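Have a look at the structure, then read on.

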Amino acid sequence: MSGSNSATIDTVKRKIQFLQQQADEAEEKAEQLQRELDSERQARERTEAEVSSLERRIHLVEDELDRTRERLNVNLQKLDEAEKSADSSERGMKAVESKVLKAEEIVEMQEVQLKEAKHIAEDADRKYEEVARKLVILEGEQERAEGRADYAESRARHLEEELKVMDQSLKSLMASEEEVLFPEIH
């Protein structure tokens, strides 16, 4: 029995050593799995932290997107108002341009009329000067004619007086001749 006990003991020892080795291997494997599990937990925690950070970033980006959309809507409204104002300004500018063109046409017509008026005024001035010159000549001629008329009147009165004197002389001569020719009648 002692041999069989010893063989059993050896078998048991070998089994114990085998089991001990398996336990050591299992413990090493458990430690390795624990390390992998810890590593996986840390990776998961980092990933969860990253996901949480990304979610916060997404939320911030969404908030910024909402604010940007609001600003875009405000800017689009302002752009629409600016376009309307630009259209109105353009219509006003076209109306002003039309008025300016009409005014330029009127100015051109008035310039032509002014040139014509100047020409007419120059002609009138020349004619006035000519008439004034002729008037001076005529006034001189009138004065000379009046002088000649005065002289002619004076001469005519003098001749009339001479004629009266001659007529009286003639009458007196005729009366004297009658007295001489026909003394019996008187």
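A search of the whole structure finds nine salt bridges, each being a side-chain nitrogen of Lys or Arg within 4 Å of a carboxyl oxygen of Asp or Glu. Please keep in mind that this is a predicted model, where local features need pLDDT of at least 70, side-chain atom pairs count only at pLDDT 80 or more, and totals for chains, interfaces and linings use all residues. Residues are numbered from 1 along each chain as its sequence is written, and side-chain values use heavy atoms, with hydrogens and water left out.

**Pairs three residues apart**

- Asp38 forms a salt bridge with Arg41, with 3.6 Å between the closest N and O atoms.
- Both Asp38 and Arg41 sit in helix α1 (residues 2-181), about one turn of the helix apart; helices are DSSP runs of H or I with at least four residues, numbered from the N terminus.
- Asp123 and Arg126 also meet in a salt bridge, at 1.9 Å from N to O, and they too lie three residues apart in helix α1.

**A pair four residues apart**

- Arg44 and Glu48 join in a salt bridge at 3.4 Å, N to O.
- In helix α1, these two residues are four positions apart, about one turn.

**Accessibility**

- Asp38 is partly exposed at 32% relative accessibility, where buried means under 20% relative accessible area, exposed over 50%, and partly exposed in between (1.4 Å probe, protein chains only).
- Arg41 is partly exposed at 38%, and Asp123 is partly exposed at 24%.

**A network**

- Glu64, Arg67 and Arg71 are linked in a network of salt bridges.
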